[in-house]
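This briefing goes through one structure topic by topic. Please keep the sequence and the 3D view at hand while reading.

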Amino acid sequence: MTGTKPAAVVEGRAIVQDYYVPGSMFAAGREVRALRGIDFSVEKGKTLAIVGESGSGKSTLARIIALIDAPTSGTLLIDGEPVDIRSKRPSPALRSKVQMVFQNPYGSLNPRQKVGNVLMEPLVINTDYPATERRDRAEAMLKKVGLQPEHFNRYPHMFSGGQRQRIAIARALMLNPQLLVLDEPVSALDLSVQAQVLNLLADLQDEFGLTYVFVSHDLSVVRYIADDVMVISKGVAVEQGTREALFADPQHAYTQSLFAATPVTDVEAIRTRVARRKAARLAAPV
Amino acid sequence: MALLNIRNLSVKFATATGSFTAVDGIDVHVDKGEVLAIVGESGSGKSVSMLAVMGLLPDTATITADEMTYDGQDISNLSASERRRLIGREITMIFQEPVASLNPSFSVGFQIEEVLRLNLGMTNREARAKALDLFRAVGIPEPEDKINAYPHQMSGGQCQRVMIAIAIASNPRLLIADEPTTALDVTIQKQILDLLMKLQEDYGMALILITHDMGVVAETADRVVVQYKGRKMEEADVLSLFENPQHAYTRALLSALPEHATGDRLPTVSDFFVQEVTP
């Protein structure tokens, strides 16, 4: 990691997370170390992408940054202030600073709650705005994320996956957060809807000066949205750097294997593959 | 001659609000030993048309087609026993969710041996030996141990390998893979696609790959059919499709790939596509 600046919106030092796996009649319980000392920092208005496979610990880290789980050890600093949610419940002001958007927009919205109430609930809990003010803010936010005011009284099942993800983003933005933690926000979406949501995230970042921590396993999405990239494997940050540096010259073997596995849509690569198949077919006719 | 030939296939579903057309006049054909990719987004009818071929649609579906032949034989009006001889032996299918496709109550070995006993008339001992061979062919490590494992004890990638082993058990001539790697990580996706392509070449079977991922198409297909809202938008060999896409929707799909982003914004389908097709 390069020099730590006080301007970092969020910073982690040696973050460690252990999970206890309970034993059964035949096996003793054991500790699983999901994160083995992660350091990172993100400056205001920037996007840090966390890349890794299932089981790498990237979502564990996202939950720690979003103040959902407390790390086993290590320090998390929000706006330069150390935060320890284990000993002290986060204040509404702190909660407002950090919000999260989850992967599955079908599971992250209450099916029995109207969209308007979904958006107003963070305000009910964390602010003392009067009801009319809450309603105005929710309607304005709907418009901001590309939905219509008449969607206010509808239920989540009446929306498509892309629209639901917009609602989840709108809910996260209701408290004017500084930091948005996005856990695979577009991987459940179709390609063209994915493009719309990525565009929306880029627009919102410009407009509100938001800082993003963007968890993804899709390198092509990361290349599009990230400023800095951290590659995690088995709870260790194996490589960290700017997007340009990392994509130009991946150093670690694990990063290289991720690149090698990413499908290539380049015309020359397809031409080579088609030629190879033709040759193989001529050599051994079916 | 085409191995599978479908002309003017339509599938309608009876719903509470009237009839809904999921597939609207699709032509599909696949030759022996060919890899055909059917690409489209959710709701494009790409899975439904292949489920219609397999006879796996619910009773609410009405299937009409001018022609539906497999190897010259009409498959639109098969009796149940004729269909069983074909489906699961000559034509097999694997699905998106490998863990959900397997029965959690039986070991994976039992599930593959059941197919071998019922479809190929093997004895228990023959089936066990063949199952181990198939596990080796699809690259499952330590097959002697894994054959007694239950699906929840295996990873998603390993379950998909088991599904593939079951699908190739009867040496099918056509394998239909419905989003086989969508639920998997990118490194596992690469392994599974490589495996499918290797088996396709080794066994000389035709492969229909249903996907929404243009990256998967680029890595596997010989020929591509692009579907949107139940209709075929474009059909081309894979090189021409990527080099020179003819239809606006195909161009939109290709430019929505984040790696093709030129400026700050990603083009979306609606940028390309407002007037050209009214669904």
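**Helix packing in chain B**

In chain B, helix 4 (residues 108-120) packs against helix 7 (residues 156-168) at an angle of about 15°, and their axes are 9 Å apart. The model is predicted. The points below begin with this helix pair, then take up each chain and the interface.

- Angles under 35 degrees count as roughly parallel, and helix 4 of chain B and helix 7 of chain B are therefore roughly parallel to each other.
- The crossing of helix 4 of chain B and helix 7 of chain B is right-handed.
- Helix 4 of chain B makes the contact through Val108(B), Gln111(B), Ile112(B) and Val115(B), and helix 7 of chain B through Val162(B), Ala165(B) and Ile166(B).
- By class, the residues of this contact between helix 4 of chain B and helix 7 of chain B are six nonpolar, one polar and no charged.

**Chain B overall**

- Chain B contains twelve helices and eleven strands.
- The C-alpha trace of chain B spans about 60 × 45 × 40 Å along its principal axes.
- A compact globule of 279 residues would have a radius of gyration near 19 Å, and the 20 Å of chain B agrees with that.
- Of the 279 residues in chain B, 44% are buried.
- Counting contacts in chain B between residues at least 6 apart in sequence, 64% join residues at least 24 apart.

**Lys46(B)**

- Helix 1 (residues 46-54) of chain B holds Lys46(B).
- Is Lys46(B) buried or exposed? Lys46(B) has 27 C-beta neighbours inside 10 Å and so counts as buried, the cut-off for a buried residue being 20 or more.
- Residues up to four places away in sequence set aside, Lys46(B) touches Ile38(B), Gly40(B), Ile210(B) and Gln227(B).
- Lys46(B) and His260(B) are 214 residues apart along the chain, and their C-alpha atoms are separated by 24 Å.

**Chain A overall**

- Chain A has ten helices and ten strands.
- Taken along the principal axes, the C-alpha atoms of chain A fill a box of roughly 75 × 50 × 45 Å.
- Buried residues account for 41% of the 286 residues in chain A.
- Among contacts in chain A with a separation of 6 or more, 67% are between residues 24 or more positions apart.

**Pro105(A)**

- Pro105(A) sits in the loop between strand 6 (98-101) and helix 3 (115-126) of chain A.
- Pro105(A) is buried, because 24 other C-beta atoms lie within 10 Å.
- Beyond its neighbours within four places in sequence, Pro105(A) is in contact with Gly161(A), Arg164(A), Gln165(A), Ala168(A) and Ala188(A).

**Interface between chains A and B**

- In the interface, 28 residues of chain A are in contact with 34 residues of chain B.
- On the side of chain A that touches chain B, helix 6 (191-208), helix 7 (219-225), helix 9 (253-261) and helix 10 (267-283) of chain A each supply at least two residues.
- Helix 6 of chain A gives the largest share of that side, seven residues.
- The side of chain A that touches chain B divides by class into 15 nonpolar, nine polar and four charged residues.

Methods. Residues numbered from 1 in each chain as written. Chains lettered and ligands numbered in written order. Predicted model: local features only at pLDDT ≥ 70, side-chain atom pairs only at ≥ 80, totals over all residues. Contact = placed C-beta atoms within 7 Å. Helix = DSSP H or I, 4+ residues; strand = E, 2+ residues; numbered from the N terminus. Nonpolar A, V, L, I, M, F, W, Y, C, P; charged D, E, K, R; others polar. Rg over C-alpha atoms; globule rule 2.2 N^0.38 Å. Buried ≥ 20, exposed ≤ 12 C-beta atoms within 10 Å, placed from the backbone. Axes fitted to C-alpha atoms, helices over the stretch in contact; angles between N-to-C directions. Parallel < 35°, antiparallel > 145°, perpendicular 65-115°, else oblique. Left-handed = near helix turned anticlockwise from the far one by under 90°.
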